[in-house]
Amino acid sequence: MSHKTQSTDQDPALRWQQWIDEHAEVCFLYARQQTRCEADAEDVLQEALVETWSKAQEEVPPRGLVFATIRRRAIDLGRSMDRRARRENEVSEGNNWFVSDVGASDVNDMIQVEMANLPDDLREVLILRVWGEMTFPAIAQLLAIPVATATSRYRYAVERLKPKLTELQP
Amino acid sequence: MNEDLSDSFLKQLKPAPLPLALRARLAHPPAPVVENIMSHSWRERLVSLLSIAAALAMGLLLHRHAGRAESQEAEPNVTVRHHEKILLQSKRLQLFEVDGGYWELLQQQWKEESTVANTHSPIFIRSSEIKHTLVCAPVTFD
């Protein structure tokens, strides 16, 4: 995990803005997986960013801490049983999780749908690993699971996505 | 496609940008931590003070309530106007000697009469009660 904004000499507002620019999008992607709807995800993300920033004082908070705070706050907010159904509805309603760099405009949509169909625990590990750039031990610590479980969840997630990815691979 | 290729392919997908409204909400950093800590501790202190105040108030109320109950018991609403104790009978049950002296065990019958008046109304209550007591008294020979 890289933290480019480490300088404590800069203006706090500037450091905050750099931190938001570098990390907020990935954190928002994670928050979307943890909450029932977009509005909840936005609220949880804002609260988590403010909380971790305030606690970190002069330091830039590690991304893992932000993920952990998002997770805790989402649990506090209460995840309802129909979370997945709502998410799938939102996917179809056009709340895009990704911006595609691979050229085809529908690639991200297809992967997003495939990811939405993954079980929650697999998708969570996949996001933390691929976009959160967390190590498996860090993921295991965050989710309070064994490292082997984190690794296997990631592998299962990739296995589930592989047919679609192979199809999309140029 | 192996795992690494899948991983690198997925990484090409960048998370979507923040919605404009959310970005606007995150435009400014939170208040300085020192202020946050102060306000937080101030809130905690206020909550603890309120808890203490509530406990004190509750204690005071209970104390007052108990005191009122006690004062009601201590200040009866009647006054004793007349009280008389009359010995009706004294009957020796036993005479015994202890260290050269004589003692007698007496059974006495008393009549207690009393008149009480209510302080709030012109009501008088007369009562009469017969009591039996056992008394151990030295025997004197005049």
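In this predicted model, helix H3 of chain A has a buried set made up of Arg63(A), Val66(A), Phe67(A), Thr69(A), Ile70(A), Arg71(A), Arg73(A) and Ala74(A). The cover over these buried residues includes four helices of chain A, namely H1 (12–34), H2 (38–56), H6 (120–130) and H7 (136–143). Directly after H3(A) comes Gly78(A), with a positive phi of about 95 degrees.

Turning to chain B, three helices and four strands are found, and their order along the sequence is α-β-α-α-β-β-β. Of the 142 residues in chain B, 5% are buried. Where contacts in chain B link residues at least 6 apart in sequence, 52% of them join residues at least 24 apart.

The two chains also meet: 23 residues of chain B are in contact with 34 residues of chain A. On the chain B side, at least two residues each are supplied by helix H1 (3–11), strand E1 (13–15), helix H2 (20–25) and helix H3 (33–74). H1(B) provides the largest share of this side, with six residues. By residue class, the side of chain B that touches chain A holds 14 nonpolar, four polar and five charged residues.

Key: Residues numbered from 1 in each chain as written. Chains lettered and ligands numbered in written order. Predicted model: local features only at pLDDT ≥ 70, side-chain atom pairs only at ≥ 80, totals over all residues. Buried ≥ 20, exposed ≤ 12 C-beta atoms within 10 Å, placed from the backbone. Contact = placed C-beta atoms within 7 Å. Nonpolar A, V, L, I, M, F, W, Y, C, P; charged D, E, K, R; others polar.
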